[in-house]
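Dear colleague,

Please read the notes with the model open beside them.

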Amino acid sequence: MILIETIRAMRTAVRNFRTVGQSVGFVPTMGFLHEGHLSLVRASKARADRTVVSIFVNPAQFGPDEDLERYPRDLARDRALLEREGVDVLFHPSREEMYPEGFRTSVEVRGLQDPLCGRSRPGHFAGVATVCLKLFEIVRPDEAYFGQKDAQQAVLVRRMAQDLNLDLEVVVRPTVRETDGLAMSSRNGYLSPEERAAAPVLYRSLERARALYEAGERDAGRIAEAVRGAIGGEPLAAVEYVDVVDPAELLPLERIEGAALVALAVRFGSTRLIDNILIQAKET
Ligand code: AMP
């Protein structure tokens with residue numbers, strides 16, 4: 001695996017792959033890798049000739065009171081993990097490389113950036129869209145891999161790629177969970193032992209939503225209420241939102257006719273966790 005820190009060297013590496021007819025899969029991350037990230041790496045490796053992983057803690061997607069400075073970082077460990085997976089290139093640019101003096105541009109995906117996490121994180125998704133577009137332009141992959149864990153991000157990036165005619169496929173892979181159901185996240189390490197023990201309530205509450213749906217419930221409000229109720233039983237959890245929305249447009253649903261995304265953000269102390277599930281009628 002080669003470690004690349006400059007945009008120029010990254011472009012050269014991909015150009016060299018392309019010259020010999022190799023396809024390129026790309027996994028953008030903020031590092032502190034876990035099995036969720038590695039599942040994306042494996043999906044890329046299974047399809048593309050070459051896999052590029054980026055690690056960049058993107059300041060543009062953090063609000064002023066968020067955890068940019070304390071976000072966990074361990075490049076040596078990440079490097080070893082990616083090496084073991086057989087990744088070809090690790091792209092690890094500096095802040096200055098990505099956002100030099102005078103940087104002014106921002107990409108917005110209107111509408112999709114506003115609901116769910118957008119409500120409490122203004123500017124977050126513009127930061128995500130902007131860095132993804134930059135990374136896509138630098139790496140020029142055939143496919144870019146994202147996790148369903150960050151459902152709104154995946155929907156928004158896919159729409160940006162479509163709207164701007166980007167010549168790549170956005171592939172979304174399932175959420176990887178701990179054995180107790182907690183969605184893997186680089187932020188799980190912020191949890192105290194008590195909070196960590198309480199956090200699986202999120203997935204249990206989402207499974208409750210699925211069970212209600214499978215039992216015939218189609219009223220989105222009642223499903224959201226049941227999820228809030230289940231989380232409410234856990235004193236360490238403070239619900240930011242529980243929403244049942246259309247999975248493509250992220251607009252609130254009253255009744256579930258086709259598919260629905262049940263998404264939530266919940267705080268445990270100062271740690272904000274997100275999770276979601278997609279529910280839809282089983283194929284018959
Ligand atoms: P991050 O490093 O948190 O920005 O995540 C990088 C990519 O990994 C994003 O596409 C995330 O959606 C994805 N990801 C993070 N956690 C998981 C998980 N538990 N399962 C699947 N994908 C994940």
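Helix 6 (residues 124–139) packs against helix 7 (residues 151–163) at an angle of about 50°, and their axes lie 10 Å apart. The model is predicted, so that local features need pLDDT of at least 70 and side-chain atom pairs count only at pLDDT 80 or more, whereas totals for chains, interfaces and linings use all residues. Residues are numbered from 1 along each chain as its sequence is written, and side-chain values use heavy atoms, with hydrogens and water left out.

Helices here are DSSP runs (H or I, at least four residues), numbered from the N terminus, and axes are lines fitted to C-alpha atoms over the stretch in contact, with angles from 0 to 180 degrees between N-to-C directions. Helix 6 and helix 7 are therefore oblique to each other (under 35 degrees counts as roughly parallel, over 145 as roughly antiparallel, 65 to 115 as roughly perpendicular, and the rest as oblique). The contact (heavy atoms within 4.5 Å) involves Phe125, Val128, Ala129, Cys132, Leu133 and Phe136 of helix 6, which meet Gln152, Gln153, Leu156, Val157 and Met160 of helix 7.

The second pair is helix 9 (residues 201–214) and helix 10 (residues 220–232), which pack at an angle of about 150° with axes 9 Å apart, and which are therefore roughly antiparallel to each other. On the helix 9 side the contact includes Val201, Leu202 and Ser205, and on the helix 10 side it includes Ile223, Ala226 and Val227.

Best regards

How values were computed: Helices (H or I, at least four residues) and strands (E, at least two) are DSSP runs, numbered from the N terminus.
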